[in-house]
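Subject: Structure for you to look at

Hello,

Here is the structure I said I would pass on. Please open it first, then read the notes below with it in view.

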Amino acid sequence: MDNPSIITQVTNPKEEEILSCSQDKVSQCNLSLKKQRSRSIFSTLFCCFRDYNVEPPSSNSTSVLPPLVEENGGLQKPPAKYLLPEMTISDYGKKCVVIDLDETLVHSSFKPISNADFIVPVEIDGTIHQGWRWEQEKRKVNEVYVLKRPHVDEFLQRMGELFECVLFTASLAKYADPVADLLDRWGVFRARLFRESCVFHRGNYVKDLSRLGRELSKVIIVDNSPASYIFHPENAVPVQSWFDDMTDTELLDLLPFFEGLSKEEEVYTMLHKLCNR
């Protein structure tokens, strides 16, 4: 297994030109990703999608499971049970917020980063790479260097108070689980879902919210990749992909919006208004 396949990331604009927004979505929102970044928090929530050449499965209802899709030459079977356990008593009445990891909360790289917040050893091809200096002579070292997005600590703590929070990443658990251990010091995430919980649809790992076991009108997904929520775009709060801008304030700016959303009966009305301002 090669290193990049462990982490599911979007393209870094510093290494490759950013994919352009599809023209139909740009005309609906009248905003580009570049304009969103310089505007207020509400502008960042407008529904501007990148052209990932991904189309949602045809369905008349968002509550219906999408059709089976092919993966590695075979059909992917629907789960025998929902992805999430029963809601705890302490979370009863709260909405469920599904939060992405890479380029939403952190940025990770196999290339050394001088100011990394975490350095996580990753097991690759059956070998555990500890990353200690005295081990370097004994075997090849593979480490993941992790940068935390600015204000991620404040964001997670407040979101944990307002919502039932779930980490949902298309990356592998062998990488994402130890990162989450270091990132979430407060136990904000009630559950963690990884690549095996995604639906592989037309070359993309899609997070199918209908498989969570929660009422869709009370589910929000926070993600930098529109391909991840292509089945349920009406439930999404898009965020800008983050790599290393330490002046970024998007997570902090999102908190007033989520505080308001937590008091609503359902999520669609507020999200729809924001996307059609």
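The chain has 6 helices and 14 strands. Please keep in mind that this is a predicted model. There are 277 residues, and 49% of them count as buried. The accessible surface comes to about 14,300 Å², and carbon and sulfur atoms hold 50% of that area. If you take the contacts between residues with a separation of 6 or more, 76% of them are between residues 24 or more positions apart.

Strand 3

Strand 3 covers residues 96-99. Its side chains point two ways: C96 and V98 to one side, V97 and I99 to the other, and all are buried.

Which strands run parallel to strand 3? Strand 9, residues 164-168, is one of them, joined to strand 3 by 4 bridges. Strand 13 also runs parallel to strand 3, again with 4 bridges. Then go to I99, whose bridge partner in strand 13 is V222.

Cysteines

How many disulfides does a search of the whole structure find? The search finds 0. C96 is in no disulfide, because the nearest cysteine sulfur, that of C165, is 8.0 Å away and a disulfide needs the two sulfur atoms within 2.5 Å. C165 is likewise in no disulfide, and its nearest cysteine sulfur is that of C96. C96 has a relative accessibility of 1% and counts as buried. C165 is buried too, at 0%.

A separate item to find is an open sheet of 3 strands in the order 4-8-5, with antiparallel pairing. Strand 4 (106-109) and strand 5 (118-121) are at the edges; each has a single partner strand, so one side of each has no neighbour in the sheet. From one strand to the next, the twist averages 25°.

Strand 8 takes in residues 143-148 and pairs with strand 4 in the antiparallel sense over 4 bridges. Helix 4, residues 173-183, lies across strand 4, strand 5 and strand 8. The angle between helix 4 and strand 5 is about 145°.

K148 is in strand 8. Is K148 buried or exposed? K148 counts as buried because its relative accessibility is 17%, and the cut-off for buried is under 20%. The side chain of K148 makes a polar contact of 3.1 Å with the side chain of D153. Beyond its neighbours within four places in sequence, K148 is in contact with several residues, among them L105, V106, F118, L183 and W242.

D208

Where is D208? It is in the loop between strand 12 (204-206) and strand 13 (219-223). D208 is buried, with 1% relative accessible area. The side chain of D208 has a polar contact of 2.7 Å with the side chain of S210, and another of 2.9 Å with the side chain of R211.

Two positive phi values

Most residues other than glycine have a negative phi. E103 has a positive phi, near 70°. R202 has a positive phi as well, near 50°. E103 is in the loop between strand 3 and strand 4, while R202 is in the loop between strand 11 (199-201) and strand 12. As for accessibility, E103 is buried at 1%, whereas R202 counts as exposed at 53%.

- Begin at strand 3 and follow its parallel pairing to strand 9, then to strand 13.
- Go to C96 and C165, whose sulfurs are 8.0 Å apart.
- Move to the sheet with the order 4-8-5 and find helix 4 lying across it.
- Look at K148 with D153, then at D208 with S210 and R211.
- Finish with the phi of E103 and of R202.

Regards

Note on methods: Residues are numbered from 1 along each chain as its sequence is written. This is a predicted model: local features need pLDDT of at least 70, side-chain atom pairs count only at pLDDT 80 or more; totals for chains, interfaces and linings use all residues. Side-chain values use heavy atoms; hydrogens and water are left out. Two strands pair if DSSP finds at least two bridges between them. Helices (H or I, at least four residues) and strands (E, at least two) are DSSP runs, numbered from the N terminus. Axes are lines fitted to C-alpha atoms, for helices over the stretch in contact, and angles run from 0 to 180 degrees between N-to-C directions. Contact means heavy atoms within 4.5 Å. Buried means under 20% relative accessible area, exposed over 50%, partly exposed in between (1.4 Å probe, protein chains only). A polar contact is a pair of N or O atoms within 3.5 Å; within protein, one must be able to donate a hydrogen and the other to accept it, and residues adjacent in sequence count only if both atoms are side-chain atoms. Accessible areas come from the Shrake-Rupley method with a 1.4 Å probe; for residues, only the protein chains shown count as cover.
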